[in-house]
Amino acid sequence: MNSHAADNSVGLVKPAIFRSSAPFTLQCGVTLPGFELVYETYGQLNPARSNAILICHALSGHHHAAGYHTPEDDKPGWWDSCIGPGKPIDTRRFFVVSLNNLGGCNGSTGPLSLNPSTGAFWGPDFPTVTVRDWVESQTLLANALGIRQFAAVIGGSLGGMQAMLWAMEHPERVRAAVLIATAARLSAQNIAFNEIARQAILSDPEFHGGRYREADSHPERGLSIARMVGHVTYLSGDGMHERFGRALKSGDRTGNNQVQFQVESYLQYQGRSFSRRFDANTYLLMTRALDLFDPAADAGDDLARAFAAAEARFLVIAFSSDWRFSAARSKEIVDALVAARKNVASAVIESPHGHDSFLLELPRYFDVLRTWLSRLADEVGTGTRALDAASG
Amino acid sequence: MRADLRIISDLISPGARVLDLGCGTGELLAWLQTHKQVNGYGLEIDPTNITACLAQGVNVLEQNLDDGLGNFSSDSFDLVVMTETLQAVKRPDVLLGEMLRIGRECIVTFPNFGHWRCRLQLMLRGRMPIARHLPHAWYDTPNIRLCTFIDFERLCRERGVRIIERFVVDASHANPPIINRFPNVFGTYAFYRLGRPTSAAH
């Protein structure tokens, strides 16, 4: 039984599809004849069209950020705790847009789509997409929705990279950007973890060079191991200790009788369930986009210069126990923004939950978001008033 | 506005770029943004204060002063302000040097440990002073680097820090004549406007 009828839920939502029929040239040089993006919206766009918020998803995210698709759904969208009436991203005041990125596996054009020039699945041949490609495709979606300027572009992790690039590349279209648990570029260590994940997938015999669909198979083991590695890096040592300790799921401490620790069972479950809902080619593509992101590289290795054109005000949030996208990486962003004389506020939230914190409902985290966004809402005018005026 | 902040705001020229160390609820920066078109940032570590800053639209950055200010480049601010925080940091001398590296000038305020009430308590009762402006016991006070005005000015001299201006007040932030005659005895707080040594400025 879910709570889609609860007061603070956006309730039942229906995904929509945006079709762009114009040729779209990616950063890698390949031109797609067109593309589709699946997206959802929550709340009402005000008459001034000034209250829109774009949610950019992370590695394994998608368009379904809030609410329920059917009354029978067990779980709401991935950021339902944060998006809804009275929640930090308040849908009574903001019009929220959430999409599945290009190259994704949840309905947008990607490896699971048909390549119009061959009639076969794109599969491993889907071109490399970058954060910039995502931002450009999102601008077309914004145009279609009649949004000239977003009140805010918000994202965590890989989503934060998109929000950052939006502010750099389309300064006039972003009033505010919220960068959560993110980085201006990945460290070598971070790329290394992505490479382990990719190798796990590539070395699975069921991968078939990415043509597993045609071979009627699925690299479930590889994808599952990739997720297990990723998942460990999203938690913290203390957090795992607190949650699992050394508790056994089965067997005994003699090492006989099929010993299995709780943490093993948990990871295997996470890996398995992820591998069933995610596409391996998309995973390869998304991790590559993460690795390649480096806006400072085009600005003489000077992040402040990369931010020079930005007009948005920024909120940068990090979490104390996050080591995959540590608070030090957020501080680099903040320092660059200060050096570039941009308006910026920052907070480091105390949390034992590692990188995963950005998806959790932590009191101080939500307090910071709520306070900052509420001021923004005051500035851009609300959706509800427009609705009241229309109905009154 | 808080009386001490009003005194400081008078010392700040319109349009200045200001860094406020230990900015509290952001009252000074919020006022300066509205009334003097100041472009400012505040550093703070208290979560409640940070939220209060966010509510006022202040550029607040969560950063501990004891971790240093190495992330701010030299000459990047017109003015660095620190109100009633000098006495609570681990190395006030290092911080003072950093403040004058980052900003051309700085404003520092702190409570006077040489106030006659403090002197009297130590002399007559033989106990660590507790006063209205220094309300904590010795074992839990955040004020770990208390000094008198004379001590502070000595440090400035030693480090070549130029004292451009000094304004001494009593506990109610008034400035009766007796204070200017015996500041180190009757003054509760002092406001110092400091600059780099003249030689280094040229």
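Helix 10 (residues 363–380) of chain A lies across strand 9, strand 10 (176–180), strand 13 and strand 14 of chain A, and runs at about 165 degrees to strand 14 of chain A. Helices (H or I, at least four residues) and strands (E, at least two) are DSSP runs, numbered from the N terminus. Axes are lines fitted to C-alpha atoms, for helices over the stretch in contact, and angles run from 0 to 180 degrees between N-to-C directions. This is a predicted model, in which local features need pLDDT of at least 70 and side-chain atom pairs count only at pLDDT 80 or more, while totals for chains, interfaces and linings use all residues. Residues are numbered from 1 along each chain as its sequence is written, and chains are lettered from A and ligands numbered from 1 in the order in which they are written.

**The sheet of chain A**

- In chain A, 8 strands form an open sheet with mixed pairing, in the order 1-4-8-5-9-10-13-14; two strands pair if DSSP finds at least two bridges between them.
- Strand 1 (16–20) and strand 14 (344–349) of chain A stand at the edges with a single partner strand each, so one side of each is left without a neighbour in the sheet.
- Neighbouring strands of this sheet are turned by 20 degrees against each other on average, direction ignored.
- Strand 13 (residues 313–319) and strand 14 of chain A run parallel and are joined by 6 bridges; V316(A) stands opposite S346(A) in strand 14.

**Strand 5 of chain A**

- Strand 5 (residues 52–56) of chain A has 5 of its 5 residues buried, so it is largely enclosed by the rest of the structure.
- A residue is buried if 20 or more other C-beta atoms lie within 10 Å of its own, exposed if 12 or fewer, and partly exposed in between, with C-beta atoms placed from the backbone.
- A52(A), L54(A) and C56(A) point one way from this strand, whereas I53(A) and I55(A) point the other way.
- Strand 5 of chain A runs parallel to strand 8 (residues 95–99) of chain A, with 4 bridges between them, and L54(A) stands opposite V97(A).
- Strand 5 of chain A also pairs in the parallel sense with strand 9 (residues 152–156) of chain A over 4 bridges, where I55(A) has I154(A) as its bridge partner.

**The largest nonpolar core**

- The largest nonpolar core has 161 residues, of which I53(A), A152(A) and A177(A) touch the most other members.
- Domain 1 (1–185 + 294–392) and domain 2 (186–292) of chain A both give residues to this core, so it lies between them; the domain bounds come from an automatic or database domain assignment.
- A nonpolar core is a set of buried Ala, Val, Leu, Ile, Met, Phe, Trp, Tyr and Cys residues joined through C-beta atoms within 7 Å.
- Not counting residues up to four places away in sequence, A152(A) touches several residues, including I53(A), A177(A) and L373(A); contact requires C-beta atoms, placed from the backbone, within 7 Å.

**The sheet of chain B**

- Chain B has an open sheet of 7 strands in the order 3-2-1-4-5-7-6, with mixed pairing.
- Strand 3 (60–62) and strand 6 (162–169) of chain B stand at its edges, each with a single partner strand.
- Strand 5 (residues 103–111) and strand 7 (residues 189–195) of chain B pair in the antiparallel sense over 7 bridges, and F110(B) has A190(B) as its bridge partner.

**Residues with positive phi**

- Most residues other than glycine have a negative phi.
- H208(A), which is not a glycine, has a positive phi of about 50 degrees and is found in the loop between helix 3 (188–202) and helix 4 (220–234) of chain A.
- E84(B) has a positive phi near 45 degrees and is found in the loop between strand 4 (77–83) and helix 4 (92–102) of chain B.

Note on methods
Two residues are in contact if their C-beta atoms, placed from the backbone, lie within 7 Å.
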